[in-house]
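Visitor: Please take me through one part of this model in close detail. I would like a single connected account, with cut-offs given.

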Amino acid sequence: NDVDHGIGIDANATGASGSVKIITGDGLAIGIQGDQAAGIAARTNAGFMDITTGTGTVDITAGDGTFNAGFPGRSAGISATSTGGFVTVDNSLTLNIAAVNTQETVGILAGGQTSIASTNVTNKAAITTSNGDGIRASSYFFTNVTNKATINAGGDTVNGDGIDARNANTFGGWTDVEGTGDINITSGSGDGIVATNNFGSVLVGNFGVSGYTGKIDPNGGLGNGIKAYITNKDNFFQITVVQGGAISGDANNGIYAKTEGTGSVSVSQLADIGEDGNNVTTDGVFMQINNADDTNAITFTGGRSIYATDDGIEINTDGTGYVSVTFNNSGAGAAKMVAGDIGIDANILNKASTGFVSVNVGNGGVKTEIDAGREGIHAETIGLGDVSVTLASDVTIDPDDYGIFAKAPANIVAVTLGANDTIIVDDNEIAGNDAVNFGIYAESGRADNGGGTTVVVSAGSNFQMTVKDSSDGQADGATGIVAFGAN
């Protein structure tokens with residue numbers, strides 16, 4: 001039967017400070033056919049909200065698509081909201097939430113709606129939604145989500161994210177997402193995990209030793225694997241992402257981490273992004289500080305493979321702090337980066353910045369490979385700091401135009417290569433001939449270094465460099481090493 005706005009368990013504390021506590025034992029089964037429905041719905045004003053469920057199921061199936069005014073335009077497995085109290089959901093129910101494609105569906109909807117309210121969600125059972133988020137948690141203080149089970153989220157008219165964790169606080173409370181559960185986006189352009197904050201830190205996988213370890217599989221190259229961002233320019237707290245589970249090539253960006261504020265941005269990559277033959281649509285990792293007043297650093301550390309259609313790793317800061325990229329430097333094993341444009345692209349875009357750009361690749365024990373369309377490594381500042389690129393031994397870089405491009409207008413540029421490193425510049429990597437074919441290009445604009453050297457290029461034993469055009473045998477403008485200093 002079509003039972004619109006039906007609710008399996010309904011608890012509503014209407015008093016000024018009334019609280020709600022719901023505990024269900026194992027074996028609960030709730031089934032509803034209809035729109036604007038909820039398996040469990042609970043509301044308070046200023047009181048606490050606490051929902052703990054045992055095992056069981058909530059199955060909501062689509063109704064006739066006729067909505068009723070005065071009721072939310074969605075169906076939810078569990079809906080727990082409070083205008084003034086803390087909200088806690090500890091779920092072990094399997095949630096299957098479906099509706100007509102004009103209605104939103106949410107697995108767990110949890111929110112504290114005022115300045116003193118925090119939200120805590122722990123999920124231990126599978127969630128499937130047809131047109132919305134698997135878990136949506138919001139607060140005005142601390143927002144914490146821990147997911148330990150598989151989430152299948154999608155949407156034709158609503159872009160369902162696997163986990164959407166939000167925070168509108170003004171106190172400095174964090175948004176944190178942790179877990180081990182896989183996340184699959186089955187339709188639409190939703191992100192695997194999206195975490196945001198108005199004034200506080202954004203953390204994904206920060207408190208676990210191995211990060212968020214669930215595998216993330218977005219849909220059709222439309223959504224990001226992990227998206228962490230801050231939009232408030234006055235937010236001076238950090239973004240920290242620790243990726244511990246593989247992100248499939250069906251992502252747009254594997255990881256997207258950006259702040260408009262003045263805090264640091266840090267990403268640790270502990271699992272593959274993309275797969276051989278299935279590159280993410282844009283960047284493997286995209287990181288940005290978009291605030292000229294930001295004095296903090298932007299840093300990447302990774303030791304697993306990346307397959308991307310655009311850049312493997314793209315990092316830009318408009319601030320004055322430093323940029324640090326470390327790829328496969330931990331000795332964990334071999335790693336390969338495949339990028340359609342630039343393998344590692346690290347930039348300081350602020351002329352007043354005294355920060356440095358540092359790129360370190362390889363661990364000296366096993367093979368590290370960067371196979372890029374245009375440039376293997378691009379490290380540049382337009383500010384006052386120096387630029388360094390350091391390769392350990394057994395690193396191979398294979399692009400079309402530049403093996404390594406390093407440039408600083410006002411300070412020292414240093415390129416250091418280890419033993420058995422190889423740079424192959426092939427003008428045929430990208431179809432068509434051009435006259436840009438450099439193994440290493442290093443340029444410093446510093447006019448005086450007290451009689452010292454402003455550009456240093458050094459290589460270890462058995463270093464090999466090849467500049468060629470495999471299509472016609474003529475690499476126009478081919479140059480092995482250009483080291484250009486203003487003094």
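Guide: The side chain of S118 reaches the backbone nitrogen of F142 at 3.1 Å. That is a polar contact (a pair of N or O atoms within 3.5 Å; within protein, one must be able to donate a hydrogen and the other to accept it, and residues adjacent in sequence count only if both atoms are side-chain atoms). The model is predicted: local features need pLDDT of at least 70, side-chain atom pairs count only at pLDDT 80 or more, and totals for chains, interfaces and linings use all residues. Residues are numbered from 1 along each chain as its sequence is written, and side-chain values use heavy atoms, with hydrogens and water left out.

S118 sits in the loop between β10 (104–112) and β11 (119–123). Strands are DSSP runs (E, at least two residues), numbered from the N terminus. S118 has 3% relative accessibility, so it counts as buried. Buried means under 20% relative accessible area, exposed over 50%, and partly exposed in between (1.4 Å probe, protein chains only). Leaving aside neighbours within four places in sequence, S118 is in contact with G85, F86, V87, S139, F141 and F142. Contact means heavy atoms within 4.5 Å.

Now follow F142. Its relative accessible area is 24%, so F142 is partly exposed. F142 also belongs to one aromatic cluster with F141, F171, W174 and F207. The structure holds 15 aromatic pairs. One of them joins F142 and W174, edge-to-face, at 4.8 Å centre to centre and 70 degrees between the planes. Rings of Phe, Tyr and Trp (its six-membered ring) pair if their centres lie within 6.5 Å; planes under 30 degrees apart count as stacked, over 60 as edge-to-face and the rest as tilted. F142 lies in the loop between β13 (135–139) and β14 (143–147), and W174 in the loop between β16 (163–167) and β17 (175–179), so the pair ties together parts 32 residues apart in sequence. W174 is partly exposed, with a relative accessible area of 32%.

F199 and F237 form another edge-to-face pair, at 5.5 Å centre to centre and 85 degrees between the planes. This pair links distant parts of the chain, 38 residues apart. F199 is in the loop between β19 (193–197) and β20 (202–204), and F237 in the loop between β22 (226–230) and β23 (239–243). F199 counts as buried, at 17% relative accessibility.

Rings also meet charge. K227 lies over the face of Y229, at 4.8 Å from the ring centre. K227 lies over the face of Y256 too, at 5.6 Å from the ring centre. A charge sits over a ring if NZ of Lys or CZ of Arg is within 6 Å of the ring centre and within 35 degrees of the ring normal.

Next, the strands. An open sheet of seven strands has the order β3-β6-β9-β12-β15-β18-β21, with parallel pairing. β3 (28–33) and β21 (216–217) stand at the edges, each with a single partner strand, so one side of each has no neighbour in the sheet. Two strands pair if DSSP finds at least two bridges between them. Five bridges join β6 (residues 56–61) to β9 (residues 93–97), which run parallel. D59 has N96 as its bridge partner in β9.

Q36 lies in the loop between β3 and β4 (38–44). Its phi is near 55 degrees, a positive value in a residue other than glycine. Q36 is buried, with a relative accessible area of 6%.

How values were computed. Helix = DSSP H or I, 4+ residues; strand = E, 2+ residues; numbered from the N terminus.
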